[in-house]
Amino acid sequence: MPAMDTLAGNFFLVGLMGAGKTTVGRALARKTGKTFYDSDHEIETKTGVKVATIFEIEGEQRFRDRESCAIAELVRRDNIILATGGGAILRPENRQLLKKHGVVIYLRANIDDLLARTQHDRNRPLLQTADPRAKLESLLKERDPLYTEVADLIVDTTQQNVNLLVNQLEAQLLERQRRQDSRP
């Protein structure tokens, strides 16, 4: 059994682009001594090209195939924090793998924050549109039920300080672990 102040297991971050998965994931990994992975970065490392290029050349479905393979490989590692791509939860098999292999944390933010965080990023293929706000609203409407379904914890990142957010998240995870460890 792990020490009461040590977080055991894997943590998987889900949420829309701009919700803070990579930023929070890196900070939480530093604080907990876990290894951080970003599924999009892992795909880029394997293919040698940006996600936006994969979308452009191969299309979204082929990218989702690559993403599913990356997730299937990453979730089997131990003691990791994984930031998933915003659409990773679209496939039921990805949701099942995430639930089976770790604690799933849904990082949620409001549309204004998401837009502010992503407006200058050209590596977000789904937002290369005339109306990024409308696209984010549509994605949130489609994906929020799936994020909520898969989540063990839901954390609002709207206008949050990253260090404060990570401290709160760590406390929630420790409390969750304590409750599970005290079960007969």
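A residue is taken as buried when its relative accessible area is under 20%. In the predicted model considered here, strand 1, formed by residues 11-14, is covered on both of its faces, since Phe11 and Leu13 on one side and Phe12 and Val14 on the other are all buried. Strand 1 pairs in the parallel sense with strand 3 (residues 80-83) over three bridges, and in this pairing Phe12 stands opposite Leu82 of strand 3. A parallel pairing also joins strand 1 to strand 4 (residues 103-108), here over four bridges, with Tyr106 of strand 4 as the bridge partner of Val14.

Helix 5, which spans residues 92-101, contains the buried residues Asn94, Arg95, Leu97 and Leu98. Viewed down the axis of helix 5, its buried residues fall within an arc of 165°, and they therefore line one face of the helix. In an α-helix there are 3.6 residues a turn, so residues three or four places apart point the same way. Gln96 and Lys100, on the other side of helix 5, are exposed. The contacts made by the buried residues of helix 5 extend to strand 1, strand 3 and strand 4, as well as to helix 4 (60-74) and helix 7 (132-150).

Lys50 is located in the loop that lies between helix 2 (39-47) and helix 3 (51-58). With a relative accessible area of 44%, Lys50 is classed as partly exposed, because this class lies between the limits of under 20% for buried and over 50% for exposed residues. The C-alpha atom of Lys50 is separated by 29 Å from that of Leu165, a residue 115 positions apart from Lys50 along the chain.

Technical notes:
Residues are numbered from 1 along each chain as its sequence is written. This is a predicted model: local features need pLDDT of at least 70, side-chain atom pairs count only at pLDDT 80 or more; totals for chains, interfaces and linings use all residues. Side-chain values use heavy atoms; hydrogens and water are left out. Buried means under 20% relative accessible area, exposed over 50%, partly exposed in between (1.4 Å probe, protein chains only). Helices (H or I, at least four residues) and strands (E, at least two) are DSSP runs, numbered from the N terminus. Two strands pair if DSSP finds at least two bridges between them. The arc is that of the directions from the helix axis to the C-beta atoms. Contact means heavy atoms within 4.5 Å.
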